[in-house]
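Colleague: I would like to learn how to read a model like this. Can we go through it feature by feature?

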Amino acid sequence: MAAVIAGLAACAPAAEAYNSVPTTGGDSWGVHDGAAPGVDTGSIRNTTGAALRGYGGIRVRVAGKLEGRSALMNGQLMRGFGLRYDGLDRFETTKAVEIGGVSMTRAIKIQRSDRYARFFDTFTNTTSQGVTVEVVFGGMTGYNTGENQSEVVGTSSGDLVPTVADSWVAMASPTTRAGNPSQNGPSAAVIGSPNTGTAPTDFLRGGFDIPLPLTGHEANHQGYGHRFALAPGETRSLARFVVIGVGEKQGTGGAADNARPDAGTEVAAVKLRAEQLVAVPPLGDLTTAQLCSLRNWTPAAITAGVPSFDETACATIPKLDTQAAPQPKKLVTSSPYDVVEKTVQELRADMESGKTTSQEITQAYLDRIAAYDTGQFGFHSFTWVADDAMEQARKADEARAKGAKGPLLGIPVAFKDLYDTKDMPTTNGSQVFEGFYPREDAFQVKRVRDAGAVIIGKATMAEYANSGYFSDSAWGQVWNAYDPSKSSIGSSGGSAVAMALSFVPITFGSQTGDSLWGPASAASIFSLRGTDGLQSASGVMPLTYVNDYAGAFSLSPADLADTLNVVVGTDPKDPLTAETDEKKPEDWRTSLDPNALQGKRIGYIPAVFDDPFQTTGTSDAMKAAFAKFVAAGAEVVPIPAAPNQPPVQPGGGGDTAYEGWARWIDAHPENPYKDAGEIIASQKRLPYSRRAGGVPAYTTTGRQTATQVKAGYDRRKLYRQALGQWMDDNNVDAVLYAGLLSDVGMNDGITPSFGRIDPPSSASGAPTMIFPGGVNDTGEPFNFQLLGREWDDAKLLGFAYAYDQVAKARIAPTTAPKLTYVPGVTPKPIVIERPADPVTSTPVPDGDSNSTPTPTPAPATPVVPGAGAPAGTPPVTKSLVLPRSVTSKVTPLKGKRLRITGEVTAAPGTSCTGKVTIRVKAGKATLLAKGVSLSKSCTFATIVTLKTKRSKVSVQARFLGNSALKARSAKTKTVRVG
């Protein structure tokens with residue numbers, strides 16, 4: 001799926017998501033490689049035992065005068081390595097990353113039998129001047145401040161305060177239960193030889209200069225740094241190890257708890273393994289040039305791991321051969337008109353005055369998308385850019401020349417990738433809908449198109465809009481506009497980031513829980529989650545029927561008013577909009593009154609401004625900003641908590657997700673699916689969103705009955721009425737809620753990326769106006785929300801306008817500055833790179849791959865307060881080679897489908913954990929290759945669908961091996977397919 005017209009292009013996604021590596025004990029490592037969602041940092045998104053939650057990334061800072069993207073990304077989390085999984089245990093860089101002339105590569109090797117990984121990073125100075133490089137390795141090992149918080153439980157120095165003298169640091173999440181078992185899997189970072197690095201730092205807040213806190217939410221984000229000089233042409237490397245364990249026994253007596261290790265045993269095992277890795281670092285598979293380049297291990301330590309290493313030979317060893325990074329983009333534009341931070345009001349005025357044209361405006365936005373949204377350091381806010389954007393702009397200019405007018409005439413607009421667009425794919429952020437073109441526009445899209453706007457593209461979103469914390473699509477994951485190491489928040493992150501970075505002046509998103517107010521808060525922009533039915537949701541893919549709201553983002557209240565004037569109206573296809581024409585204002589702009597807050601009482605619930613992570617920097621800034629409401633003429637008063645949601649009404653309930661998709665299928669006969677379960681449980685979704693077993697595992701009551709649908713409407717209506725009565729009882733005109741309550745989390749994690757307390761808007765359908773409030777103590781933006789009575793939408797817009805006149809609270813990001821205008825320059829093509837294809841090769845591991853380092857005597861482990869005493873030294877086992885065989889059977893199904901089953905047999909008592917690769921061939925051509933996990937009974941099964949004209953194929957099953965068994969293949973006889 002690709003198009004290149006007038007210098008624009010878009011590409012299809014990969015057929016797989018990021019790769020996961022199984023290890024012993026039932027654990028696995030989810031590695032952010034180059035496959036979808038394309039985070040590509042080399043960090044560990046998660047482990048089964050929750051030991052890591054976005055860990056192993058590197059922040060890099062290069063001293064000196066930097067230009068272009070290097071300057072903008074200096075100090076950020078590095079990404080874009082094109083990391084390629086070998087199907088077994090290794091990840092290798094396929095394209096280097098460059099900052100300030102320093103070219104970087106990563107290589108990761110996961111020791112599957114002993115649950116540790118080695119990260120090998122190289123840094124080459126490609127300039128003619130010497131440079132100083134700072135590298136911080138780390139991430140997140142816990143979250144919040146309760147029993148999921150991680151804390152230091154051991155260091156190589158024997159205390160609980162990490163310093164430059166430590167070669168390793170262990171983390172765990174102790175609980176208050178008997179023996180203080182670790183709630184989640186413990187971990188240890190092996191940093192290198194003592195005194196080769198810098199003091200540990202807070203990885204979340206920049207990673208370089210803020211000391212690592214030992215308590216509180218930020219103690220979960222450890223950073224371990226190294227600083228070194230690089231001469232021209234010189235390469236230096238860093239090798240770090242990360243060890244993990246699984247959660248320990250909870251002591252409640254439940255069956256699941258009894259299956260866990262005893263308290264203290266996993267913590268002790270992790271510390272012992274870290275000590276062994278320091279004593280004998282497993283570096284034997286590295287070349288001599290790589291060993292000579294190591295910066296964080298002393299020659300003596302290297303020799304302990306590689307006895308043949310001779311430091312004196314380094315003087316005659318050729319320089320390490322490293323990759324060159326792609327050429328940096330030139331940050332130039334072919335348009336003379338600057339669109340940065342321009343509102344719709346300004347754009348329209350400049351077109352009406354003849355200062356510019358829609359074509360110049362559209363080209364300027366396209367150039368910014370090409371410069372900043374794509375490539376290694378791209379923000380990934382777009383999944384598709386219209387190949388006829390300039391043609392749309394030309395038609396708008398012609399219409400204006402003939403006397404046409406309108407609030408959005410010639411204005412570029414982008415839609416979240418779940419709005420139907422008849423001329424562009426609508427994918428819901430998923431391969432499930434790859435290449436799907438709806439036959440007609442969504443209601444709001446049609447109104448925008450009819451108003452003469454330029455529909456410039458589709459914005460990236462969380463797949464199926466099912467994340468409130470990240471925007472992770474099969475087409476890429478969106479990065480924060482203000483801090484390109486952090487999350488954009490989900491699921492409308494692409495829409496919010498594209499607007500914040502001046503890639504487009506109006507965007508549309510959707511909200512089921514927080515996906516208008518969350519992304520808007522992280523992007524310092526405006527939005528409205530209106531009263532149920534204010535904006536039509538027909539032609540918008542569902543998450544939860546009725547709860548979903550399709551709304552717009554803007555840079556100002558006036559822009560939002562103009563947009564609402566175009567899109568708000570009764571839609572015969574959406575029953576929720578039946579009252580809209582009657583209730584909406586004649587002109588939304590009439591609500592833009594700078595005195596709208598004069599004499600108004602704004603209520604707030606004190607507890608709503610308490611961060612669940614127990615940080616205070618954001619909430620303190622919010623409370624200080626209350627003064628802006630007072631300056632605008634309002635009184636801000638504390639009130640009791642809001643009423644609870646009413647109980648499910650008689651006859652209510654049912655599967656609202658199924659109902660939403662069933663209605664969507666009814667309205668889209670051109671779609672490839674006939675049953676909602678096929679969509680909800682599709683195995684084409686990102687792997688961590690798939691339901692185990694696929695479609696057959698999705699059991700549901702089916703569609704809601706008319707009674708259940710009405711009961712759902714009634715419940716929401718009752719809740720809106722209760723909220724209105726609550727406001728009446730407290731004599732307030734609206735109630736103030738927070739947006740983000742903490743700093744935003746890193747973009748490579750799995751756990752909540754910000755502190756949140758949701759207003760009751762999404763659960764009730766009452767309106768909430770979302771608007772910038774200011775910045776917190778670290779300079780990150782925050783937003784407020786004003787909750788009102790049903791159909792108070794225009795009044796809330798006026799309140800936000802009045803606040804904005806006083807506060808001027810929106811801040812512009814600095815991560816995508818103005819482009820340099822070069823007359824006559826050829827417009828840069830927009831290439832939305834798809835993530836890497838899934839692995840198709842399954843190499844045999846090298847001899848070192850699954851061996852255990854030579855054990856050292858168990859260190860004297862101090863008793864850690866609150867962590868329990870260590871439970872002795874775990875046994876160290878060597879790899880075994882035992883008898884085994886692989887058998888497989890193929891059954892042709894209807895059409896081009898095959899059911900492939902088989903087993904791996906071995907000596908009694910031998911573990912058969914691991915994967916089998918199924919490869920289907922027609923002659924010498926490989927038609928398909930996929931990995932299948934072994935069950936506990938050592939069997940495997942899968943169904944494959946072939947795209948081939950051949951009627952005969954051969955099948956090969958290949959066992960990848962584990963700590964006890966080496967790899968082996970078994971060929972199946974040639975089979976005939978239907």
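Colleague: Where is proline 37 found?

Modeller: Proline 37 lies in the loop between β4 (28–31) and β5 (44–47). Bear in mind that this is a predicted model. Now look at the bond leading into that residue. The peptide bond from alanine 36 to proline 37 is cis, and its omega is near 10 degrees.

Colleague: What is the peptide bond from glycine 490 to serine 491, cis or trans?

Modeller: That bond is cis, with omega near -5 degrees. Serine 491 sits in the loop between β24 (476–477) and α10 (493–500).

Colleague: Let us step back. How many helices and strands are in the chain?

Modeller: The chain has 19 helices and 40 strands. It has 978 residues, and 60% of them count as buried. Contacts tell you about the fold too. Take those with a separation of 6 or more: 72% of them join residues 24 or more positions apart.

Colleague: Now a helix. How do I check the length of α7?

Modeller: Compare its reach with the value expected at 1.5 Å a residue. Helix α7 (residues 358–373) has 16 residues and reaches 21 Å from first C-alpha to last, close to the expected 22 Å. Then check burial. In α7, 14 of the 16 residues are buried, so the helix is largely enclosed by the rest of the structure. Just after α7, glycine 375 takes a positive phi of about 90 degrees.

Colleague: Which residues other than glycine have a positive phi?

Modeller: Histidine 380 is one of them, with phi about 60 degrees. Its place is the loop between α7 and β20 (382–385). With a relative accessible area of 17%, histidine 380 is buried, because the cut-off is under 20%. Serine 524 also has a positive phi, near 55 degrees. Serine 524 lies in the loop between α11 and β26 (526–529), and it is buried at 0% relative accessible area.

Colleague: How are two packed helices described?

Modeller: By the angle between their axes and the distance between the axes. Here, α6 (residues 344–352) and α12 (residues 557–567) pack at about 75 degrees, with axes 8 Å apart. The two are therefore roughly perpendicular to each other. Val344, Gln345 and Arg348 of α6 meet Ala558, Asp559 and Asp562 of α12. By class, that contact has 2 nonpolar, 1 polar and 3 charged residues.

Colleague: Which residues of α15 are buried?

Modeller: They are Tyr658, Glu659, Gly660, Trp661, Ala662, Trp664 and Ile665. These buried residues pack against α16 (676–680) and α17 (706–729). Look at the start of α15 as well. There, a side-chain oxygen of aspartate 655 comes within 3.2 Å of the backbone nitrogen of alanine 657.

Colleague: Next, one side chain. What does arginine 118 make a polar contact with?

Modeller: The partner is the side chain of aspartate 285, at 2.8 Å. Arginine 118 belongs to strand β11 (residues 116–125). It is buried, with a relative accessible area of 6%. Its neighbours include Arg90, Lys109, Arg240 and Phe241.

Colleague: And leucine 516: buried or exposed?

Modeller: Buried, because its relative accessibility is 0%. Leucine 516 is in the loop between β25 (506–511) and α11 (517–523). It touches several residues, among them Leu528, Tyr549, Phe553 and Ile770. The C-alpha atoms of leucine 516 and glycine 490 are separated by 8.5 Å, and the two residues are 26 apart along the chain.

Note on methods: Residues numbered from 1 in each chain as written. Predicted model: local features only at pLDDT ≥ 70, side-chain atom pairs only at ≥ 80, totals over all residues. Heavy atoms only, no water. Helix = DSSP H or I, 4+ residues; strand = E, 2+ residues; numbered from the N terminus. Buried < 20%, exposed > 50% of the residue type's maximum accessible area, 1.4 Å probe, protein only. Contact = heavy atoms within 4.5 Å. Axes fitted to C-alpha atoms, helices over the stretch in contact; angles between N-to-C directions. Parallel < 35°, antiparallel > 145°, perpendicular 65-115°, else oblique. Nonpolar A, V, L, I, M, F, W, Y, C, P; charged D, E, K, R; others polar. Polar contact = N/O pair within 3.5 Å; in protein donor to acceptor, adjacent residues only side chain to side chain. Expected span 1.5 Å × (residues − 1). Lists of a residue's contacts leave out its neighbours within four places in sequence.
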